[in-house]
Amino acid sequence: MTKERFVVEGMTCNGCANKIKQHVECIESANVVNVNIEAGSIEVTFDEARTTSEEVKMAIHHAGYPVIEETVKTKSSCQCCSTK
């Protein structure tokens, strides 16, 4: 099982969260494990042999909410790593 966090634009209340959850859980191997309305995020587990991250994103999109792509950037204080 894969657990992935999706940041969802426009999810502002329990109604939004429930609508998204219903769409995601229509995917047979997907299960919503956490919804954080304040952060606008949803955590989903799914069987990567049967479902892809893209399918989960499309389910969220079909609920009427775009998924925001997050880019995580880390800075290293190590001299050799910071020059790469």
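## Helix packing and sheet order in a predicted model

Helix H1 (residues 14-24) packs against helix H2 (residues 53-62) with the two axes 8 Å apart and at an angle of about 135 degrees. H1 and H2 are therefore oblique to each other, and the crossing in which H1 passes H2 is right-handed.

Buried residues account for 32% of the 84 residues in the protein. Among contacts between residues at least 6 apart in sequence, 61% join residues that are at least 24 apart.

The four strands form an open sheet in the order E2-E3-E1-E4, with antiparallel pairing. E2 and E4 stand at the edges, each with a single partner strand, so one side of each has no neighbour in the sheet. H2 packs on this sheet, where H2 touches E1, E3 and E4, and the direction of H2 makes about 35 degrees with that of E1. H1, for its part, lies across E1, E2 and E3 and runs at about 165 degrees to E2.

| Strand pair | Direction | Bridges |
|---|---|---|
| E2 (residues 30-36) and E3 (residues 41-46) | antiparallel | six bridges |
| E1 (residues 2-8) and E3 | antiparallel | six bridges |
| E1 and E4 (residues 67-68) | antiparallel | two bridges |

Between E2 and E3, which are joined by six bridges, Asn34 has Glu43 in E3 as its bridge partner. The hairpin of E2 and E3 has four residues between the strands, and in this hairpin Gly40 takes a positive phi near 65 degrees. On the pairing of E1 with E3, which likewise run antiparallel, Lys3 stands opposite Thr45 in E3. At the pairing of E1 with E4, where two bridges join the strands, the bridge partner of Val7 in E4 is Ile68.

Lys57 is found in helix H2, and because its relative accessible area is 15%, below the cut-off of 20%, Lys57 counts as buried. When residues up to four places away in sequence are not counted, Lys57 touches Phe6, Val67 and Glu69. Of the elements named above, E1 covers residues 2-8 and E4 covers residues 67-68, and both of these strands are touched by H2 where H2 packs on the sheet.

Taken together, the picture is of an open four-stranded sheet in the order E2-E3-E1-E4, with H1 lying across E1, E2 and E3 and H2 touching E1, E3 and E4, while H1 and H2 pack with their axes 8 Å apart.

Key: Residues are numbered from 1 along each chain as its sequence is written. This is a predicted model: local features need pLDDT of at least 70, side-chain atom pairs count only at pLDDT 80 or more; totals for chains, interfaces and linings use all residues. Side-chain values use heavy atoms; hydrogens and water are left out. Two strands pair if DSSP finds at least two bridges between them. Axes are lines fitted to C-alpha atoms, for helices over the stretch in contact, and angles run from 0 to 180 degrees between N-to-C directions. Angles under 35 degrees count as roughly parallel, over 145 as roughly antiparallel, 65 to 115 as roughly perpendicular and the rest as oblique. A crossing is left-handed if the near helix is turned anticlockwise from the far one by less than a right angle, and right-handed if clockwise. Buried means under 20% relative accessible area, exposed over 50%, partly exposed in between (1.4 Å probe, protein chains only). Contact means heavy atoms within 4.5 Å.
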